[in-house]
Amino acid sequence: MSATRLRRPTVKDPRLVVGILLVALSVWLGVWAVDNAKDLSVAYVAAQPIVAGQAVTQEHLRPVEVNLAAQGSQYVSVPLDADHNYIATTTVGEGQFVPIGSLVHDQAYATRVIAISTSTVLPRNVTVGATVELWAAPRVAASGDAPAPTLVATDLVVAQLPATDQGFSASSGQTVHVVVPAEQVSDVVAASMGDMTLSLLSYPKDES
């Protein structure tokens with residue numbers, strides 16, 4: 001009985017070819033990882049939802065390392081200047097990158113947060129950050145006549161909803177805080193102080 005001889009692997013051996021390819025792939029991945037790490041930079045994302053009109057501090061931002069390539073200049077990449085107060089001009093969701101244009105000095109953004117007591121049920125898609133309209137109607141007269149409602153203000157941003165044990169409430173007769181542009185503040189305040197039925201209505205684009 002003849003002894004089995006071990007054969008030296010040749011370039012035609014598929015196992016040798018596969019092994020060479022695996023080694024080459026691991027080397028390429030290592031080089032790619034090192035080169036890619038050199039391109040990482042720091043950018044800031046929202047550590048929690050940021051609503052338009054809200055005061056923003058460094059605590060609202062969280063740094064992450066990311067490769068944004070040419071888009072890096074579009075997002076906040078340095079800590080906020082502690083000598084300035086910042087206001088959000090747009091709503092930024094939690095975990096989203098914060099665009100540079102979404103934060104301005106408070107003197108440059110004229111808005112007010114106003115509490116509105118709703119008289120009707122809020123649409124279910126009205127959440128913090130949603131854009132709504134404010135409508136008002138005189139309360140129904142003793143004769144039972146129903147006056148036509150009027151549009152008071154548009155493009156209001158919901159800053160805070162009434163909290164309940166189950167979370168945000170969508171019931172009527174509760175207070176909703178909204179961010180109001182300066183030019184609409186007087187109309188909103190007048191409607192809130194009058195004997196009116198107030199309703200906040202959502203836009204179709206906010207429908208889920």
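1. Start with the term for the aromatic contact: rings of Phe, Tyr and Trp (its six-membered ring) count as a pair if their centres lie within 6.5 Å, with planes under 30 degrees apart called stacked, over 60 edge-to-face and the rest tilted. By that rule the structure has one aromatic pair. Its members are Y75 and F97, tilted, at 5.5 Å centre to centre with 50° between the planes.

2. Before going on, a caveat: this is a predicted model, where local features need pLDDT of at least 70 and side-chain atom pairs count only at pLDDT 80 or more, while totals for chains, interfaces and linings use all residues. Residues are numbered from 1 along each chain as its sequence is written, and side-chain values use heavy atoms, with hydrogens and water left out.

3. Now the overall layout. Helices (H or I, at least four residues) and strands (E, at least two) are DSSP runs numbered from the N terminus, and the chain comes to two helices and 12 strands. Along the sequence the pattern reads α-β-β-β-β-β-β-β-β-β-β-β-α-β. With contact meaning heavy atoms within 4.5 Å, 65% of the contacts between residues at least 6 apart in sequence join residues at least 24 apart.

4. Y75 sits in the loop between β3 (61-66) and β4 (86-88), and F97 in the loop between β4 and β5 (103-105), so the pair ties together parts 22 residues apart in sequence. F97 counts as partly exposed because its relative accessibility is 27%; the scale calls a residue buried under 20% relative accessible area, exposed over 50% and partly exposed in between (1.4 Å probe, protein chains only). Of the 208 residues in the chain, 29% are buried.

5. H60 is worth a look. This residue is in the loop between β2 (55-56) and β3, and is buried at a relative accessible area of 13%. Its side chain reaches the backbone nitrogen of T57 at 3.0 Å. Leaving aside neighbours within four places in sequence, H60 is in contact with V45, A46, A47, Q48, I50, Q54 and A55.

6. Two open sheets next; strands pair here if DSSP finds at least two bridges between them. Seven bridges join β7 to β12, and L134 has L200 in β12 as its bridge partner.

7. Finally, the cores. A nonpolar core is a set of buried Ala, Val, Leu, Ile, Met, Phe, Trp, Tyr and Cys residues joined through side-chain atoms within 4.5 Å. In the largest one, of 20 residues, I116, L134, V188 and L200 touch the most other members. β8 gives the largest share, four residues. Another core, of 12 residues, lies apart from it and includes A46, L61, V92 and V98.

Notes: Polar contact = N/O pair within 3.5 Å; in protein donor to acceptor, adjacent residues only side chain to side chain.
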